[in-house]
Each structure stands twice: as C-alpha cells, then as structure tokens.
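Colleague: I would like to learn how to read helix packing and aromatic contacts in a model. Could we take the features one at a time?

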Amino acid sequence: MSEVDTLLPLLHAAREGDDRAVRELVSRTQPIVWRVCSVLGSPGEEEDLVQETYLRALRSFDSYRGDAPVRAWLLSIARHVCADHVRKRARQRRLHDRLSRVAGTDQAPDSEAIDQLLVALLPDQREAFELTQLVGLSYEEAADMMGCPVGTVRSRVARARVALVAAVRAAEAV
C-alpha cells in the first residue's frame, strides 16, 4: 500500500475528530512540509510556516474533496502559505520604504519601529490599514471581512496614513 493510500484514511479520521490520526498525519508529512517551507519561505521562519500550513489544513479538512493525494494537497497548502509569507514581507518592505521617504531620511525605521507605529493607530484604522496595505486585500474584501461599508474602510485607511505620517515626522523631530 502506498503512502498516499495510508494518508487518506488518516485524513478522514482526523476530519472526524480523531486526535491520534491528526498526530499521525502530521508525523508522516512534516518532514516534506518542512523541506518545502525551508525552500520557499524565509530562512528562520520555517517553524512558523509549517505551523501555519497545518493550521490551514486543519481548517480545510471538511473542504478536502480528494481531487489530489493528501500529500500533494498539504504541499499545495504549504506553497500557498510560503507565497503569502513572501508577499507579506514584500509589502512590509514597501511600507518600510514609503515611511522612510515620507520621513525624508536615509535611515528607514526598522520593523520593530513600524510595528510600534501600527500599534499606536486606533484599532479600526490599524485593522483596515493592515488588511489592505500589508495583507493585500482589496478594499471590498476588507469591508466584507470587517463587516462595514467600503467607504468606511477607505476613510480608515486614509486616516491611518495621515496618523502614520504624523507619527514618523514627530519621531524625526525628537
């Protein structure tokens, strides 16, 4: 019996809430998922990427249709997790670059400083800003997710930008 054949019953059992089946499924697939995340992800982030892969897989058990072998399905999830991670890092770099240009300095704020700037925003502004500017959702997708009109998301993002520029300039003045 091939590995693919042995993983499918584990997935079905895990779907029904069998914790042992979940552990066995992870045990049998973790080395290959780890390798994929090591190759496609950022160095030092493998553990987080593998964990996110399995979290997404657990949430998706009910939607698994069996069109692909379980291993291929998991590796596809890992690939998407890594791609999302790379896109997020690129968006963070662009935000970092924009903030340094706005500040008018060659020294851009580090990611910890950016995180502090974002945390200082009002929660609704921060959520709208992060969903659209960092996660990459459209304004419509963010509005659906937040349960508010698109115009509200747009105005929250605009206010967040103004607040971020003001915070960067205030930090520069000190």
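Colleague: Does helix 6 pass helix 7 in a left-handed or a right-handed crossing?

Modeller: Bearing in mind that this is a predicted model, helix 6 passes helix 7 in a right-handed crossing.

Colleague: At what angle do helix 6 and helix 7 pack, and how far apart are their axes?

Modeller: Two packed helices are described by the angle between their axes and by the distance between those axes. Here helix 6 (residues 123-134) packs with helix 7 (residues 139-146) at an angle of about 135 degrees, and their axes are 9 Å apart. Because of that angle, helix 6 is oblique to helix 7.

Colleague: Which residues make the contact of helix 6 with helix 7?

Modeller: Helix 6 contributes Asp124, Glu127, Ala128, Leu131, Thr132 and Gln133, while helix 7 contributes Tyr139, Ala142, Met145 and Met146.

Colleague: What is the crossing angle of helix 2 and helix 3?

Modeller: The axes of helix 2 (residues 19-40) and helix 3 (residues 46-60) cross at roughly 135 degrees and come within 10 Å, which means that helix 2 is oblique to helix 3. Helix 2 passes helix 3 in a right-handed crossing, and the contact includes Val22, Val26 and Trp34 of helix 2 together with Leu49, Val50 and Tyr54 of helix 3. The residues of this contact divide into nine nonpolar, four polar and two charged.

Colleague: How many aromatic pairs are found in the whole structure?

Modeller: A pair of aromatic rings is described by the distance of the centres and the angle of the planes. The search of the whole structure finds two aromatic pairs, and ring pairs link Phe61, Tyr64 and Trp73 into a cluster.

Colleague: Which charged residue sits over the ring of Tyr139?

Modeller: The charged end of Arg154 sits over that ring, 4.5 Å from its centre; Tyr139 is also one of the residues that helix 7 brings to its contact with helix 6.

Methods: Residues numbered from 1 in each chain as written. Predicted model: local features only at pLDDT ≥ 70, side-chain atom pairs only at ≥ 80, totals over all residues. Heavy atoms only, no water. Phe/Tyr/Trp six-rings, centres within 6.5 Å; stacked < 30°, edge-to-face > 60°. Lys NZ or Arg CZ within 6 Å of the ring centre and 35° of its normal. Axes fitted to C-alpha atoms, helices over the stretch in contact; angles between N-to-C directions. Helix = DSSP H or I, 4+ residues; strand = E, 2+ residues; numbered from the N terminus. Parallel < 35°, antiparallel > 145°, perpendicular 65-115°, else oblique. Left-handed = near helix turned anticlockwise from the far one by under 90°. Contact = heavy atoms within 4.5 Å. Nonpolar A, V, L, I, M, F, W, Y, C, P; charged D, E, K, R; others polar.
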